[in-house]
Amino acid sequence: MGEVKSCVICGQKADYNGDILGVSGGVYRCEQCGMFLVESDFEGEYLFNPRYKHSLNLRCCMYHFLHQQSKLLDEKTIVEFKYGHEPHGFDDKNLLYYIPHDTLINMYPQTLDEKIKMVIINLGDKLKFPGSAIFIPKDDFASELNPILLFIDDTYDKSTFADQCKGILDILMSWGYLKTDGLRYDLSARGWTQYQELTKVNRRQAFIAMWFASEMTEAQKIIKAAIDNKGYFPQIITDKQYNGAIVPEILYEIRNSLFVVADFTGARGGVYYEAGYAYALGKPVIMTCREDWFDEKKHPGNIHFDIKQENFIIWINEADLHAKLEERIRVTMGDMSTF
């Protein structure tokens, strides 16, 4: 039987059902935040623990993550916020997509440029269309959802929250992304254009996740060539010019890609992370690995059990990789080279 509780993210009233799906915790259905499941340990350790100093930052990430995932996950799939430290992924049996604290809090923007981009996405999602507006009283900038929408930083005292909200709004206006009549705020034409740019999917881009070692230089060229030969644009983070931290750029490019090629040669943790993120977004992931690194006797435990059953491209040399990858792209994504 359900009950009404305060949403653990925004504090507004939400429907709640506890201890379902065999998980110690409950499912919230919030008009502002959406539907999600929170483990009891996650709530107790991070959201309502006075010793944990980044509860608001975590809530900002939870809100942003839920709204981005809602565009990509099947409507029957529930996001679960987990206490543990395991990688994020799917529990197909219970239709859950789980994400642990460490992965979530690392999404908090580290630079002003990152924060402004994520705030624009939040505002665009909230506003939904040009002409709509958010009402923000001058004497209460930190009311309602505003601190969460604007990624207010709880590193600073709570007394600064209103000034932080006003500061972010002022920056958005000075950069030409926001307009206001003093009470009602809407994205400007430039703001809506930026929102569309940040949330679009490039129908020709393929992201490459792989080991950046000297012995993989030729393989990297081959992967790029195979993608290019089939009419797609290969995007690898080492080729991109950017400011700020690397992880938000990687996640942005994965979101912006039609599919991902992930090579697991070298057993790099980053490749698992990037492939898992793409998988969670519903992106096709073409998995490849050099034969010696796929061999359990030569490199025990390189390919984790939970993905070993996937249809890997096992390649012997670069020529073999080129032929097999081109064919896999043709079959699974289509040959766009003639368009």
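Predicted model: local features only at pLDDT ≥ 70, side-chain atom pairs only at ≥ 80, totals over all residues.

The questions and answers below go through strands, loops, a helix residue, a pocket and a cavity.

Colleague: Which strand pairs with S3 over six bridges?

Modeller: Helices (H or I, at least four residues) and strands (E, at least two) are DSSP runs, numbered from the N terminus, and two strands pair if DSSP finds at least two bridges between them. Strand S2 (residues 13-18) pairs with S3 in the antiparallel sense over five bridges, and Asp15 stands opposite Arg29 in S3. On S3 there is also Gly26, with Val38 as its bridge partner, and a hairpin of three residues leads from S3 to S4. The antiparallel partner with six bridges is strand S4 (residues 34-39).

Colleague: Why is S3 largely enclosed by the rest of the structure?

Modeller: Here buried means under 20% relative accessible area, exposed means over 50%, and partly exposed lies in between (1.4 Å probe, protein chains only). Strand S3 covers residues 25-30, and it is largely enclosed because the buried residues number five of the six.

Colleague: Lys128 has a positive phi although it is not a glycine; is Lys128 buried or exposed?

Modeller: The phi of Lys128 is about 75 degrees. Lys128 sits in the loop between helix H4 (112-127) and strand S8 (134-135). With a relative accessible area of 64%, Lys128 is exposed.

Colleague: What is the relative accessible area of Ala267?

Modeller: Ala267 is another non-glycine residue with a positive phi, about 50 degrees. Its loop runs between strand S13 (259-263) and helix H10 (269-280). Ala267 counts as partly exposed, at a relative accessible area of 33%.

Colleague: In the open sheet of five strands, which strands stand at the edges?

Modeller: The order is S12-S11-S13-S14-S15, with parallel pairing. Each edge strand has a single partner strand, so one side of each is left without a neighbour in the sheet; the two are strand S12 (233-235) and strand S15 (313-315).

Colleague: At about what angle to S11 does helix H8 run?

Modeller: Axes are lines fitted to C-alpha atoms, for helices over the stretch in contact (heavy atoms within 4.5 Å), and angles run from 0 to 180 degrees between N-to-C directions. Helix H8 (residues 217-229) lies across strand S11 (205-209), S12, S13 and S15, and its angle to S11 is about 160 degrees.

Colleague: How far apart are the C-alpha atoms of Asn57 and Ile152?

Modeller: Asn57 lies in helix H2 and is buried, with a relative accessible area of 5%. Leaving aside residues up to four places away in sequence, Asn57 touches Ile105, Tyr108, Ile152, Asp153, Asp154 and Thr155. Although Asn57 and Ile152 are 95 residues apart along the chain, their C-alpha atoms are separated by 7.1 Å.

Colleague: Which helix gives the most to the lining of the second largest pocket?

Modeller: On a 1 Å grid over the protein atoms alone, a pocket is an open set of points with protein on both sides within 12 Å along at least five of seven lines, a cavity is a set where a 1.4 Å probe fits but cannot get out, and lining residues have an atom within 4 Å of a point. The second largest pocket holds about 470 Å³, and of its 27 lining residues the closest to the centre are Met118, Pro248, Glu249, Tyr252 and Arg255. Helix H2 (55-69), H4, helix H7 (189-199) and helix H9 (246-255) each supply at least two residues. With six residues, the one giving the most is H9.

Colleague: What volume does the largest cavity have?

Modeller: Grid points are joined across faces, edges and corners, and a volume is the space filled by probe spheres set on the points. Among the residues lining the largest cavity are Leu123, Asn146 and Tyr185. The volume of the largest cavity is about 60 Å³.

Note on methods
Residues numbered from 1 in each chain as written. Heavy atoms only, no water.
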